[in-house]
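Take a walk through the model below.

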Amino acid sequence: MSSLLDQKSLFSHDHSVYWPKKYERVVEYLKNGASDVENSQSFYKYNVEAIVLAACVGLREGYAGDLSSEKNEIALSTFNSQNLGIYLYLIPMLSQSEPSVDFFRSKEGEDKAISIFEKYAAGGLELLNDKLVTKSLDSPYLFTQDLINLRRDDVRDLDIDIY
Amino acid sequence: MYINSITLDNFRTFYGSRKIEFSVQENKPVTIFIGENGAGKTTLLNAVFWGFTGRFSKQFDSSEAIINRAAVEEGVKTCSVEISFSNEGVTYSLERIHTKGSSSSSIRLSKYDPSSGHLIPISADLAEMQIEKFIPNKLASWFFFDGEAIGALHLRGDSEFKRQLRQTFGFSSLEGLKELLIDMEKDYRREEARSIKSARLDDINDQLDALERQQKTLGDTVDLLKNTINIEESKKSECEGRLLNYAQAEPIQNRRNIASTRLAEEKNRRDQKVKIRNDFLIKNIPKVILSEKMGVLINQLNQKEEDQTLPEPFGTKLIDQIKYMKKCICGTEVLPGSPEDKCLDTMLNRASTGLLMQKIFAFRSQIGQYKKQGDEYQAHLNSLVNEIQKCESDIAEQEAIIRKADEDIKGIKIEEVRQLKESLGSSEAKIRGAERDIGAHENKMKFNRKDIDPLKAEQDKIFAQQNLSTHLRTEREKVSKILNYVSAEFSRQEAEVLDALNKEISGVLDAYLTKNYSAKVDPDSYEVKTYDVDGKPVSLGTGESNMLKFAVIAAIVGMAGSRTKISKVNWISEPIIAPLMFDAPFSVIDPVYRAGVTKNLSDLASQLILLFDSGKWDQELFDILSKKIGKTYLLVSKAKGPEKSVSKSVEIAGKIFNLNEYGDRDETMLKEIQL
């Protein structure tokens with residue numbers, strides 16, 4: 001990374017990121033396809049990569065999800081180790097009609113950013129899960145590549161109020 | 001002599017009566033037979049050979065019953081071969097008959113009387129002599145030659161080859177006489193020695209006896225070693241012959257191995273490229289998905305920067321200090337909850353700390369890069385996909401090479417090739433060892449001879465000093481004189497024949513080898529040695545070595561038939577004008593020499609009968625022989641049982657002919673084809 005500040009330093013406090021456990025199947029699929037173990041079609045290596053992808057899809061489709069059910073946890077350090085911490089800000093920033101840098105300012109801001117990220121990740125996972133029902137025979141590679149063209153009419157965006 | 005026809009009656013694989021007519025036209029003297037392996041070519045050759053000689057060739061499995069198996073089951077008790085041949089305008093009919101249970105065969109020779117149109121029988125005693133005149137028994141195996149025997153022919157000073165050659169050229173009786181005289185002279189010497197009382201003479205006799213015993217043992221050992229060499233040469237030749245059929249196995253296997261290695265490398269390269277592509281996709285798909293929105297965000301942040309609505313550079317520490325001191329630097333009181341205090345809180349919210357500024361800077365810088373990477377995604381992805389496709393195409397190419405190699409190698413037993421090579425190496429090692437031992441033994445024999453001659457001279461001296469029986473001495477001297485004469489005559493005649501033979505063999509070699517090699521038969525061992533243009537000995541490769549063997553056969557046949565223009569041996573008896581019948585002429589001859597050999601064969605004899613393995617028959621041979629072929633036969637293998645889908649065929653002059661069929665018994669069928 002060529003910036004003066006590494007992604008780790010974008011956060012001043014420690015956090016955990018949560019995603020719905022019910023979409024584990026989607027995450028596993030993105031990693032190893034239909035198999036349980038690594039194989040020639042294996043694509044994603046880490047859960048965190050799949051969650052970032054899901055958040056991006058959720059955001060692009062304006063589809064935020066629900067996190068009330070059972071959750072899985074990913075430590076902030078896991079995002080940072082994969083250079084994916086920036087998405088925890090980028091998704092919330094892009095979700096605003098008027099971008100605010102206040103996410104960076106305090107622990108509350110950081111919490112809020114992560115919360116927004118989690119909602120879009122959950123939404124995205126739901127969309128991917130739906131898509132998986134019809135495209136389960138594709139390899140994770142083709143499935144993921146196809147996401148570039150995925151569009152959804154049912155927009156369910158967040159009403160964001162940072163403070 | 002010309003063979004007009006042969007009639008086989010229940011002979012081996014030929015069931016019932018089968019008559020085969022051979023071409024006797026002067027301008028088309030060649031008759032060819034084509035059949036698959038095991039179809040009955042060697043049986044046909046042996047039918048003619050047996051008809052004339054009552055013997056079978058060495059390669060022929062004579063342990064099998066001569067009478068056709070199916071005929072035996074039907075109660076037939078005899079089989080026969082009837083050969084109709086012409087010599088100097090007279091036609092003869094020779095019939096050889098074998099009766100079940102008998103170890104020998106009987107012949108009937110008849111002469112055709114054109115005036116009466118009848119066959120006049122010739123008495124049995126005269127018949128044998130007459131046949132011997134037409135085709136001498138000792139020469140028959142050279143004229144009715146089993147090509148597979150070329151490999152078994154030994155030119156390294158083999159005693160069997162020496163015996164055969166001496167017999168062929170009529171040395172046998174002279175050689176027998178010489179050996180008889182040597183034994184006689186030895187006996188006289190012993191008798192003379194016994195009649196003299198001399199301690200020295202007794203000592204000399206003992207030494208001579210010991211040396212001669214040693215010479216005999218050494219000679220026997222050398223013969224055994226030469227026999228070992230011959231056995232190993234035969235094994236080597238067989239291995240080489242079989243390897244020749246698998247000659248393509250090694251390059252195919254090498255090609256396959258190289259392709260397999262390349263395939264593994266390409267797959268590895270492809271997997272690495274796929275990994276790079278996947279990593280690229282995993283990292284960049286989110287950027288692509290967000291690309292549009294990131295563009296807007298970047299613009300918005302840029303606008304905020306221009307509008308100076310991004311956090312301002314107030315120091316939070318200064319504001320914290322004012323709130324703590326409850327007094328601004330301008331002196332205004334700042335009480336908690338006062339409007340001034342609230343104003344400071346607002347300012348603090350908008351204030352820029354070093355860390356915040358750094359975070360914003362890092363974020364903007366990062367998303368700038370992400371946007372750029374997202375925009376360049378497709379071009380970069382295309383390049384990665386192209387690289388993978390290139391790998392896939394290379395993989396497909398190598399897989400095609402492997403598939404082709406697997407197809408080509410079908411039927412080639414790799415394990416057998418390995419075993420043959422191992423066996424070849426073992427035979428070569430045994431030959432080298434035996435040659436080394438022969439050298440040592442022959443040296444020892446040479447040294448012994450050096451000891452024998454002075455001892456004999458001393459013995460003669462002692463004999464001369466004694467008052468011996470005149471009778472004994474006279475007799476011994478007579479024998480010695482005759483022996484000297486016979487030895488000298490034998491050497492002269494042998495030298496004359498060998499000189500002619502050398503010229504003949506060299507002539508054939510000169511015609512068919514690209515290298516300037518000449519051949520010379522060693523007068524002591526009968527080893528056929530080859531020399532280069534400078535007269536230096538050269539060792540030949542397998543292909544050239546088999547060609548040399550062919551040259552030797554051609555030279556012998558040529559000399560026996562007096563067809564040669566190169567040399568003449570005046571004292572050799574009447575030339576043998578006989579047909580040349582060659583089974584599997586190319587079994588051990590390299591393909592490169594085939595055309596030359598075929599042409600040479602057709603020049604060598606007045607009538608030529610060639611039996612080809614269908615696998616070694618091709619258009620090139622047809623082109624060489626076509627103008628001289630008078631008759632063409634197919635040897636069709638008929639198998640008992642229902643028809644199978646597997647069939648064998650051969651292409652002759654652009655036409656396809658079947659070489660196998662099915663019926664109610666196993667037998668060889670003969671089909672004449674018109675070309």
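**Strands, helices and an interface**

Strand 5 of chain B and strand 6 (residues 105-113) of chain B run antiparallel, joined by 7 bridges. Strands here are DSSP E runs of at least two residues, helices are H or I runs of at least four, and both are numbered from the N terminus. Two strands pair if DSSP finds at least two bridges between them. This is a predicted model: local features need pLDDT of at least 70, side-chain atom pairs count only at pLDDT 80 or more, and totals for chains, interfaces and linings use all residues. Residues are numbered from 1 along each chain as its sequence is written, with chains lettered from A and ligands numbered from 1 in the order in which they are written.

The hairpin of strands 5 and 6 of chain B has 5 residues between the strands. In its turn, Gly101(B) has a positive phi of about 90°. Leu94(B) stands opposite Leu109(B) in strand 6 of chain B. Leu94(B), in strand 5 of chain B, also has Ile83(B) opposite. Strand 4 (residues 78-87) of chain B runs antiparallel to strand 5 (residues 90-99) of chain B, with 10 bridges. Their hairpin has 2 residues between the strands, and Glu88(B) takes a positive phi near 50°.

Now the helices. The axes of helix 8 (residues 249-306) and helix 12 (residues 377-408) of chain B come within 8 Å and cross at roughly 160°. Axes are lines fitted to C-alpha atoms over the stretch in contact, and angles run from 0 to 180 degrees between N-to-C directions.

Finally, 25 residues of chain B are in contact with 28 residues of chain A (C-beta atoms, placed from the backbone, within 7 Å). Helix 8 of chain B gives the most to the chain B side, with 13 residues.

Terms used:
Two residues are in contact if their C-beta atoms, placed from the backbone, lie within 7 Å.
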